Each structure stands twice: as C-alpha cells, then as structure tokens.
Amino acid sequence: MIQFNKKWILTTASMIVIAWSILFAFTASATSTSNKVKDARESVENSKDKLEKSKQNVAEMETSKAQLEGKLAELNKELGSVSAQLEQAQADLSEKQQALEETKEQLTIAEANETEQYESMKMRIKFMYENNGSADLLQMILEGENFTDMLNKADFFRKMTEYDRNMLNEYSATKDTIANAKAELEQEEKELQKAVAEVEKKKQEVNHLVSQTSKEISKQEASLAEAEERALAYEKQLKEQQNTLKALEEKEAEEKRILAEQEKLKKAAEAKKGAGASSSINSGNTNQSGSSNNSNISTGNGYGEASNASNLKLLATIIYCEAGNQPYEGKIAVGSVVMNRINSPLFPNTMLGVLYQKSQFTPVMSGRFAAVLAKDGATDSCYSAAQEVLNGKNNVPDCLFFRTIVPDKQGLIIGDHVFY
C-alpha cells in the first residue's frame, strides 16, 4: 500500500511539474502575444495618423490646385483683354500711319503749290519790270481814256499784285498747317508705337504667367496623384494591420483561455493530491479540456480539402509553410511542436484540429497553407522531416510554441526560430 502511494505521489508530482512547465510556457507565450498585440495596436494608430495626415495633405493640395486653376482662369481672362487692347492699339497705329502718309502727300502738294505760286509771282513781277519798266507801267496807267479808266488800270495792277501775294500767303499758311498736322501725327505715331510696345510687353508677361501657372498645375496634379496613391497605400496598410491586430487579439484570447484551463487542471491535480485519490491521472493522448478546444477550430481556408488529406501530407505542408527555408533540424522542430500539441491536453488531439485551431498558425489563417496543400507543393525534405516526426523523432519535446527570434524571448534557437 505504501509502495502504491509513493508511485501515485511521484506520478502526481510529475504531473504537477509538467503542468507548471506548460503553464510557464503558456505564460511566456501569452506575454509575447500581448506584446505583439500592443505593437500591432501602436502600428494601427500610427497608420491611422499617417492616413489622416495623408488625407489632409490631399485636401490641401486639391485646394491649392483649385486656387491655381482660378488664377489661370483670371490670367486667361486678362490675356484676352490685353490681346484685345493690343489689337485695338495696332489698328489705331495703322490708321494713324495711314493718316500720316496722306498728310505727307498733302504737305508735298502744298509745298509744290507754294513754290509754284512764288515762282509765278516772281516771273510776272520780273516781266512787268523788265519789259515795261516803271515808266512804262506808269505810262499805261496815264494813257487811260479818262480818269476812271486810269484808276481801273491802276487798280488792276494793284489787285493782280495783291492776288499773287494773297495766294502766296495762302499756300504758305496751308503748308504750315499741314506741316503742323504732320508733326502732330508723327508725335501721335510715336505715342501709339510706345503704347503698342507696352501692350505687347504686357501680353508677353501674361503669356509667361499663363505658361508658368499651367506648369504649376501640371506639377500639382502629379503631386496630387502621388499623394492619393500614398493615401490608398496607407489605407491598404491600415486594413492589413487591423486584420493582423484582430488575429493577434483572437490568439491572445485563445492563449488566455488555454491558461485558464491549465490553471483548472493544476488545481484539480492539487485537489486530487490533497484528497489522496488512488486513481492515476490520465496523461495520454486525450484532450482533458473537453470539447472546448475542438469547438474553437476554424473551418475556413481550405478546411474541407485538408480534412481529406493524410497526416503526412498535412504535416509536410505546414512544415513547408513555416520552415521551408530553414535547416532540416528546424523542419523537424516545427513538426515536433505540432505533435507536442496533439499529445497535450491543452490542444485538440488530431493533426487537423491542431493545424486549424483558431488563430494559431499564420499560413493557415492567410490561406497559404490551403494553396500549398491543394497543389502538393511541399518539398521532399519537408516530407522526409514529417515522416521522421510521425515515426517518433522529436528534437524539442518540451516545446509547444515557436516564433521568429526576438531579443527578449528565451528558448531553444534553431535556424531563424526560437522554440519554447
């Protein structure tokens, strides 16, 4: 009887040690997952902040673009007005130049008339004095038939001389008037040419502003397109991070559930020890946590097809997805973790149940496992490792978890993974 109690005590003590070991591993895993959840939440908040700033940047750029387009519309309107001014100024200049040419022609005619009148008057005066002389002219006047005739002759010579002088004065005045008009037209022409030059300069300046503003709008459109692409990228990143966070939160909840069940197992073992029960504790391949683990199995991501696959194919595929690029010992270790879970009361007791347990294996959650399984994409080395594990090889007998190496994570390092 005493020997039996010792055996029972040893068995119970061993079970408690194992339970505490598993509890410690779960606690470390739960802490690691909690840290991941915290990091994931920080990443989500960071992405939200980036997305909000990106959207604000897009809005500011759209406002800036609208302002530039408004400026361009005003410049085009101004350009139209300046072009109309230039067209009118050029028309005025052309009209003034035509008037100036006509005035020059009139001046030339007036100068010719003045010269001709002056020459005619000189010839008549010369003729009268050279051919008749003063005495002859006086004699002609005195030889009048009567006094009236004499006065008429004298008046005729006076009027002829006065006519010549008046005509000369008139031609001279006309010439001066035309000359003044010509000077005024030339001055107006200079002013119009200056005005045309100024309007042309203004048109060039507005044209330059239109071209510059159009280029700025094109640059703004390109920058706006890039900003919108960044915003879309942030939206996609945020969605992915939110999905990752959701998966980690589910995994954290699952680990907490397992910890709670483990705590129940520990208390039950301690209670049996205290009560001195004579029955041994079943530590075999039965899931002592009841059907709760099995009820937490995800049936999505190719579960139906996986249920028809052999354990060898399932194990080789998960090894390929998790450690396809790892050394052979790392492949053996991943397969061993799967078998350790099957043999643990904290996990489902079937290959399919362990692999499809909710929020446990990332390749299963993402659908990559189902895709590789469907095309039988596991390599020969993954199949060899799976077969050895199924035959009983186990290089990490106390490990239920593995992950990529992080500085604060204690465990057995094989390749790029730490097993604990």
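**Exercise 1. Overall organisation**

Among contacts in the chain between residues at least 6 apart in sequence, what percentage join residues at least 24 apart? Describe also the secondary structure and the extent of burial in this predicted model.

*Solution.* 
Step 1. Of the contacts between residues at least 6 apart in sequence, 78% link residues at least 24 apart.
Step 2. The chain contains 10 helices and 3 strands. Along the sequence they follow the pattern α-α-α-α-α-α-α-α-α-α-β-β-β.
Step 3. The chain has 420 residues, of which 35% are buried.

**Exercise 2. The setting of L79**

Is L79 buried or exposed?

*Solution.* 
Step 1. L79 belongs to helix 1, which spans residues 2-142.
Step 2. The relative accessibility of L79 is 15%. The cut-off for burial is under 20%, so L79 counts as buried.
Step 3. L79 and K202 are separated by 123 residues in sequence, while their C-alpha atoms are 8.8 Å apart in space.

**Exercise 3. Helix 5 against helix 6**

Characterise the packing of helix 5 and helix 6 by angle, axis distance, handedness and contact composition.

*Solution.* 
Step 1. Two packed helices are described by the angle between their axes and the distance between the axes.
Step 2. For helix 5 and helix 6, the angle is about 125° and the axes are 9 Å apart.
Step 3. Helix 5 and helix 6 are therefore oblique to each other, and helix 5 passes helix 6 in a right-handed crossing.
Step 4. Helix 5 contributes L315, I318, I319, E322 and A323 to the contact, and helix 6 contributes G330, K331, V334, G335 and V338.
Step 5. These residues divide into 6 nonpolar, 2 polar and 2 charged.

**Exercise 4. Helix 10 and its two partners**

Describe how helix 10 packs with helix 5 and with helix 6.

*Solution.* 
Step 1. The axes of helix 5 and helix 10 come within 8 Å and cross at roughly 125°. The two helices are therefore oblique to each other, and helix 5 passes helix 10 in a right-handed crossing.
Step 2. On the side of helix 5 this contact involves N311, L312, K313, L315, A316, I319 and Y320; on the side of helix 10 it involves C382, Y383, A385, A386, Q387, V389 and L390. By class, the contact of helix 5 with helix 10 has 11 nonpolar, 2 polar and 1 charged residues.
Step 3. The axes of helix 6 and helix 10 come within 9 Å, crossing at roughly 45°. This angle makes helix 6 oblique to helix 10, and helix 6 passes helix 10 in a right-handed crossing.
Step 4. From helix 6, the contact includes Y328, K331, I332, G335, S336 and M339; from helix 10, it includes S381, C382, S384, A385, E388, V389 and L390. The contact of helix 6 with helix 10 has 7 nonpolar, 4 polar and 2 charged residues.

**Exercise 5. Positive phi in loops**

Where does N301 lie, and where does D376 lie? State the backbone phi and the exposure of each residue.

*Solution.* 
Step 1. N301 is in the loop between helix 3 (292-295) and helix 4 (303-306). Although N301 is not a glycine, its phi is positive, at about 50°.
Step 2. With 36% relative accessibility, N301 counts as partly exposed.
Step 3. D376 is in the loop between helix 9 and helix 10. D376 is not a glycine, yet it has a positive phi of about 50°.
Step 4. The relative accessible area of D376 is 39%, so D376 is partly exposed.

Key:
Residues numbered from 1 in each chain as written. Predicted model: local features only at pLDDT ≥ 70, side-chain atom pairs only at ≥ 80, totals over all residues. Heavy atoms only, no water. Helix = DSSP H or I, 4+ residues; strand = E, 2+ residues; numbered from the N terminus. Buried < 20%, exposed > 50% of the residue type's maximum accessible area, 1.4 Å probe, protein only. Axes fitted to C-alpha atoms, helices over the stretch in contact; angles between N-to-C directions. Parallel < 35°, antiparallel > 145°, perpendicular 65-115°, else oblique. Left-handed = near helix turned anticlockwise from the far one by under 90°. Contact = heavy atoms within 4.5 Å. Nonpolar A, V, L, I, M, F, W, Y, C, P; charged D, E, K, R; others polar.
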